[in-house]
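This report concerns one protein chain, whose sequence and coordinates are displayed below. It is intended to be read beside them.

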Amino acid sequence: MTQRKRRVVAWVTMSMDGYTSGPEGTAGDDWLYRHVAHEASAAHFESIWRGASTLLMGRTNYEGFHSVWPAITRDPATGPRNRDLGLFLDSVEKVVLSRTLETAEWANTRIARDLEAEVKSLREAPGRDILAVNSASVIRALLAADLVDDLRFAVVPVLLGGGLRLFGEGLPASEWRLVQSTTLPDGAIGLHYARD
């Protein structure tokens, strides 16, 4: 029996005007944290994450996740959903795509330098989905290399007016089919697009 190749899923939360983070010097990404903290959003995100056995991250995202999640997981005041998600993040395979990061201290983390070779190798290995987690630079590079099977968006009802944009010029043209759309109670829309 031939094993199905693992799917590469790009998951990102973005504003209505296409930014994954606000402009430098702004109050930060409060818009994102307010959305992620909503119970229905957390459940929606969790369903996406739980389908993966490998997470792909850029250096900045890895450092951000590592600076927050281990403490959340150990905090006795943390609720069950966040504690479970933190335990998942501790145990899941994490691959940081970086040319500059020298060491990765978080459990089950390794550093990869060559995105295309790494993803092609991961696709052939056993496991569930390979999830690129909210790293705009990694997702753009995966799209440019034609290595994304599914795009999962959470479009949050804010206009940021600037910042880090997910899409820009230079990406190859491609067509996608809508698999599912989900309206979340805080007004965000979850979108799942796929290519066969």
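The model is predicted, so local features are reported only at pLDDT of at least 70 and side-chain atom pairs only at pLDDT 80 or more, whereas totals for chains, interfaces and linings use all residues. Residues are numbered from 1 along each chain as its sequence is written, and side-chain values use heavy atoms, with hydrogens and water left out.

**Helix packing**

Two packed helices are described by the angle between their axes and the distance between the axes. Helices (H or I, at least four residues) and strands (E, at least two) are DSSP runs, numbered from the N terminus. Helix 2 (residues 39–49) and helix 4 (residues 80–91) have axes that come within 11 Å and cross at roughly 25 degrees. Axes here are lines fitted to C-alpha atoms, for helices over the stretch in contact, and angles run from 0 to 180 degrees between N-to-C directions. The crossing of helix 2 and helix 4 is left-handed, that is, the near helix is turned anticlockwise from the far one by less than a right angle.

From helix 2, Glu 39, Ala 42, Ala 43, Glu 46 and Trp 49 meet Arg 81, Leu 85, Phe 88 and Leu 89 of helix 4; contact means heavy atoms within 4.5 Å. The residues of this contact comprise six nonpolar, no polar and three charged. In this scheme Ala, Val, Leu, Ile, Met, Phe, Trp, Tyr, Cys and Pro count as nonpolar, Asp, Glu, Lys and Arg as charged, and the others, Gly among them, as polar.

**Salt bridges**

Across the whole structure, nine salt bridges are found, each a side-chain nitrogen of Lys or Arg within 4 Å of a carboxyl oxygen of Asp or Glu. The table presents some of them.

| Salt bridge | Closest N and O atoms |
|---|---|
| Lys 5 with Glu 124 | 3.2 Å |
| Arg 110 with Glu 93 | 3.4 Å |
| Asp 146 with Arg 195 | 2.4 Å |

The salt bridge of Lys 5 with Glu 124 links distant parts of the chain, 119 residues apart: Lys 5 is in the segment before strand 1 (8–15) and Glu 124 in helix 5 (residues 115–124). Glu 124 is exposed at 52% relative accessible area; exposed means over 50%, buried under 20% and partly exposed in between (1.4 Å probe, protein chains only).

Arg 110 pairs with Glu 93 in a salt bridge. Arg 110 belongs to strand 5 (residues 109–112) and Glu 93 to strand 4 (residues 93–97), so the pair ties together parts 17 residues apart in sequence. Arg 110 is partly exposed at 33%, and Glu 93 is partly exposed at 27%.

Asp 146 pairs with Arg 195. Because Asp 146 lies in the loop between helix 6 (136–144) and strand 7 (150–156) and Arg 195 in the segment after strand 10 (189–194), the pair ties together parts 49 residues apart in sequence. Arg 195 is partly exposed at 22% relative accessibility. Salt bridges that share partners also join Glu 93, Arg 110 and Glu 118 into one network.

**Loop residues**

Most residues other than glycine have a negative phi. Asn 134, in the loop between strand 6 (129–133) and helix 6, has a positive phi of about 55 degrees although it is not a glycine. Asn 134 is buried at 15% relative accessible area. Asp 146 likewise has a positive phi, of about 60 degrees, and is partly exposed at 47%.

Thr 78, in the loop between helix 3 (59–74) and helix 4, is buried at 13% relative accessibility. Not counting residues up to four places away in sequence, Thr 78 touches Ile 72 and Arg 83.
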